[in-house]
Amino acid sequence: MPDKAPAWVVPVMRAGYAARGAVYIIVGGLSLSAAIYGGQAQGTTDALSTLRDEPWGVALLWAIAIGMMAYMVWRLIDAAMDLECEGSDAKGLAARAGQAITGLIHGAIGASLAATAMGGGSQGGGAQTATQKLMAMPWGPYLVMVVGIVTIGAGFYYGYKGIAETYKADIRVTDLTQKLNPAMKAGFIAEGVVVAIIGGLIFFAGFNHNPGEAGGVGEALSTLRDSPYGAILMGIIAAGLVGFGIENLVEARYRIVPRHSGEDVMTFARRARLKAEGKLREATA
């Protein structure tokens with residue numbers, strides 16, 4: 001039996017999810033406003049940089065930046081110590097590698113936000129810069145296409161998590177989490193659409209040997225806007241990103257760490273299992 005997770009991991013995890021939730025609510029909210037009233041969709045860092053000129057904006061940027069770094073620490077520790085009991089087989093190692101990569105990406109966003117809080121310019125265009133560096137390597141365009149395909153796969157995975165509601169596995173069952181479930185479900189599906197579009201942009205950047213075609217959240221939403229009924233589609237997905245932000249805030253409050261909380265906490269997954277076994281009344285009595 002693996003060692004129990006240290007207690008300090010839990011507050012770090014909660015800070016990380018809270019910051020991630022704030023990011024998606026801000027990005028989704030600004031994008032929804034752009035879809036309704038007109039304007040350009042903004043990427044993550046560009047959207048958050050608008051906070052700098054608001055009252056308490058710098059302090060809020062620092063809080064979100066620190067939270068994103070906390071999310072990175074949580075995911076790296078999560079992957080290294082297998083806090084979610086993914087295992088050490090091929091599937092488990094792949095899941096843990098994904099956790100580590102996700103953490104590093106959010107850590108980079110946190111560092112960019114810290115630079116913005118200190119007065120630096122917005123670090124937009126990150127996807128294009130990374131694609132350009134990768135394309136300069138031997139077999140670079142093919143590597144870029146592989147990254148694009150992997151990113152598309154990640155988008156489908158997010159969508160699957162939303163449709164199958166597997167995200168609920170480690171979330172406590174409460175009246176609030178059950179009421180917010182539709183928003184959480186829509187959030188994962190919307191995040192899947194955005195990530196898949198980002199993957200498509202990266203793939204075609206490699207296919208056409210043009211790193212300028214790569215892009216992040218802002219470019220993905222702009223792509224939706226340029227399609228038929230684009231403003232409506234962009235508005236729907238933007239609202240979904242707000243839902244994904246809500247889902248992260250729910251995780252900040254109600255998520256458990258399996259190797260810290262043990263097996264007796266009433267999560268959605270445990271509730272479903274007990275219900276299937278006909279033991280739900282006994283467990284909740």
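Reader: Which side chains meet in a salt bridge with Lys168?

Author: Side chains of opposite charge can pair when their charged atoms come close. In this predicted model, the partner of Lys168 is Glu165, at 2.8 Å from N to O.

Reader: Are Lys168 and Glu165 buried or partly exposed?

Author: Lys168 has a relative accessible area of 14% and is therefore buried, the cut-off being under 20%. Glu165, with 23%, is partly exposed.

Reader: Where does Lys185 lie, and which parts does its pair with Glu165 tie together?

Author: Lys185 forms a salt bridge with Glu165, the closest N and O atoms being 3.4 Å apart. Lys185 belongs to helix α8, whereas Glu165 sits in the loop between α6 and α7, so the pair joins parts that are 20 residues apart in sequence. Lys185 is partly exposed, at 25% relative accessibility.

Reader: How many salt bridges does the structure hold?

Author: The structure holds four. One of them joins Asp78 to Arg75, with the closest N and O atoms 2.6 Å apart. Both residues lie in helix α3, three residues apart, which is about one turn of the helix. Asp78 is buried at 0% relative accessibility, and Arg75 is buried at 11%.

Reader: What span does helix α8 reach from its first C-alpha to its last?

Author: Helix α8 covers residues 181–207 and reaches 39 Å, close to the 39 Å expected for its 27 residues. Just after α8, His209 takes a positive phi of about 55°.

Reader: How many helices and strands are there in the protein chain?

Author: The chain has 13 helices and zero strands. Of its 285 residues, 45% count as buried.

Methods
Residues numbered from 1 in each chain as written. Predicted model: local features only at pLDDT ≥ 70, side-chain atom pairs only at ≥ 80, totals over all residues. Heavy atoms only, no water. Helix = DSSP H or I, 4+ residues; strand = E, 2+ residues; numbered from the N terminus. Expected span 1.5 Å × (residues − 1). Buried < 20%, exposed > 50% of the residue type's maximum accessible area, 1.4 Å probe, protein only.
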